[in-house]
Amino acid sequence: MGMTTRNRDGLWLGVGLAGIALALAIGQSQKRRARGAWEWSGNAGQSNVACVTGASSGIGLCFAQKLAARKHDLILVARREERLRSVAQELQDKHGVSVEVIAADLTKTADLERVAARLEVLDNLEVLINNAGFGVTERFANSDVDKQIDMVTLHATASMWLTHAALPGMLARHHGAIINVSSVAAFFTLPRNVNYSATKAYLNVFTTALHSELIGSGVRVQALCPGFTHTEFHSKLENFRKNGLPEVLWMNADQVVNGSLDALESGDVIYVPGALNKFIAQLGRTGILNTIAARVMR
Ligand SMILES: NC(=O)c1ccc[n+]([C@@H]2O[C@H](COP(=O)([O-])OP(=O)(O)OC[C@H]3O[C@@H](n4cnc5c(N)ncnc54)[C@H](OP(=O)(O)O)[C@@H]3O)[C@@H](O)[C@H]2O)c1
């Protein structure tokens with residue numbers, strides 16, 4: 001006897017839910033967590049420095065605000081110098097910390113070299129947040145290749161280079177933390193997001209592999225993988241209708257940054273903020289949505 005449509009739908013629903021449950025179970029079993037508590041040093045009399053790239057808006061600005069509130073002196077990096085200077089003034093006035101501004105385009109080798117050189121000579125760098133980034137919405141073949149190269153340089157090369165500059169000092173002091181701001185896009189392979197997903201996946205693999213070298217060193221690394229977050233990010237994208245997405249999918253930068261800083265202490269190496277984003281990331285790992293999106297979004 002042939003299957004009715006209702007039976008077939010029920011079967012597919014069952015297979016889908018079983019797949020999701022399996023993915024969640026595998027995800028949990030693969031979760032890497034650094035062992036032992038990581039504590040902010042809070043040395044009396046010794047100021048600790050946090051460097052944040054992309055601190056002129058959005059998630060980076062929020063990291064700068066939270067770290068200043070924890071009494072970190074700051075090094076803020078981005079291209080819009082005026083914005084950085086006004087953030088610096090505000091945080092100095094509000095929290096009594098000292099803030100250094102480095103205007104730099106991190107897609108340019110000379111600027112990257114300058115920021116890396118600054119980090120290398122610091123003897124009190126506690127936190128590095130590699131956050132600067134941007135998105136694209138075009139199909140890869142139609143896009144400007146220079147923009148794609150800039151994306152690889154900014155997301156992958158700059159994060160790797162600044163991490164390399166920061167690590168020796170942190171290792172010598174047996175203390176430090178590096179957060180690489182990735183994305184839930186790292187778990188997907190979606191059309192019009194080719195190089196964004198690829199560079200964010202690089203950050204996840206880079207961070208996880210680096211973690212395995214750093215076990216027991218006192219230095220923590222985290223790949224922070226936000227989903228849709230209210231910042232300036234989407235207003236810079238061509239053909240992106242932000243109000244086409246339901247509010248339930250969005251978080252604000254405050255929630256993302258608070259979660260990330262807490263996860264640093266608890267030791268998540270890949271940290272996805274928000275229950276819905278965690279679920280979406282697991283779905284991404286199954287590949288189901290990629291297959292559907294490859295058909296409907298092309
Ligand atoms: N918002 C989201 O939904 C979302 C989701 C997942 C992941 N993320 C990631 O979160 C990070 C922060 O993005 P956001 O959402 O906060 O967006 P945003 O508000 O647009 O902030 C991006 C920051 O990166 C800086 N930046 C961009 N290009 C740069 C360059 N060439 N050199 C130096 N700095 C540069 C920008 O500063 P200047 O323009 O002043 O240089 C700005 O401070 C990015 O890595 C992004 O991929 C965002």
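The paragraphs that follow treat these topics in turn.

This is a predicted model, in which local features need pLDDT of at least 70 and side-chain atom pairs count only at pLDDT 80 or more, while totals for chains, interfaces and linings use all residues. Residues are numbered from 1 along each chain as its sequence is written.

The protein has nine helices and nine strands; these are DSSP runs numbered from the N terminus, with H or I over at least four residues for helices and E over at least two for strands. Of its 298 residues, 38% count as buried. A residue is buried if 20 or more other C-beta atoms lie within 10 Å of its own, exposed if 12 or fewer, and partly exposed in between, with C-beta atoms placed from the backbone. Among contacts between residues at least 6 apart in sequence, 72% join residues at least 24 apart. Two residues are in contact if their C-beta atoms, placed from the backbone, lie within 7 Å.

The shell around the ligand holds 28 residues, of which G54, G58, R79, R80 and G133 come nearest. To be near a molecule or strand, a residue must have its C-beta atom, placed from the backbone, within 6 Å of it. Helix 2 (residues 58-69) gives the most to this shell, with three residues. By class, the shell has eleven nonpolar, twelve polar and five charged residues. Ala, Val, Leu, Ile, Met, Phe, Trp, Tyr, Cys and Pro count as nonpolar, Asp, Glu, Lys and Arg as charged, and the others, Gly among them, as polar.

Helix 2 also packs against another helix. Two packed helices are described by the angle between their axes and the distance between the axes. The axes of helix 2 and helix 3 (residues 81-95) come within 10 Å and cross at roughly 25°. Axes are lines fitted to C-alpha atoms, for helices over the stretch in contact, and angles run from 0 to 180 degrees between N-to-C directions. Helix 2 and helix 3 are therefore roughly parallel, a label for angles under 35 degrees; over 145 counts as roughly antiparallel, 65 to 115 as roughly perpendicular and the rest as oblique. On the helix 2 side the contact is made by L61, A64, Q65, A68 and A69, and on the helix 3 side by V87, L91 and H95. Six of these contact residues are nonpolar, two are polar and none is charged.

A second pair is formed by helix 5 (residues 145-173) and helix 6 (residues 194-214), whose axes come within 10 Å and cross at roughly 10°. This pair is therefore roughly parallel as well. Q148, M151, V152, H155, A156, S159 and M160 of helix 5 meet N195, Y196, T199, K200, Y202, L203 and F206 of helix 6. The residues of this contact divide into eight nonpolar, five polar and one charged.

Some loop residues remain. K71 is found between helix 2 and strand 2 (73-78). Its phi is near 75°, a positive value in a residue other than glycine. K71 is partly exposed, because 13 other C-beta atoms lie within 10 Å. R192, in the loop between strand 5 (176-181) and helix 6, has a positive phi of about 65° although it is not a glycine. With 18 other C-beta atoms within 10 Å, R192 is partly exposed. G96 lies in the loop between helix 3 and strand 3 (99-103). G96 counts as exposed because it has 9 C-beta neighbours inside 10 Å. The C-alpha atoms of G96 and A68 are separated by 8.5 Å, with the two residues 28 apart along the chain.
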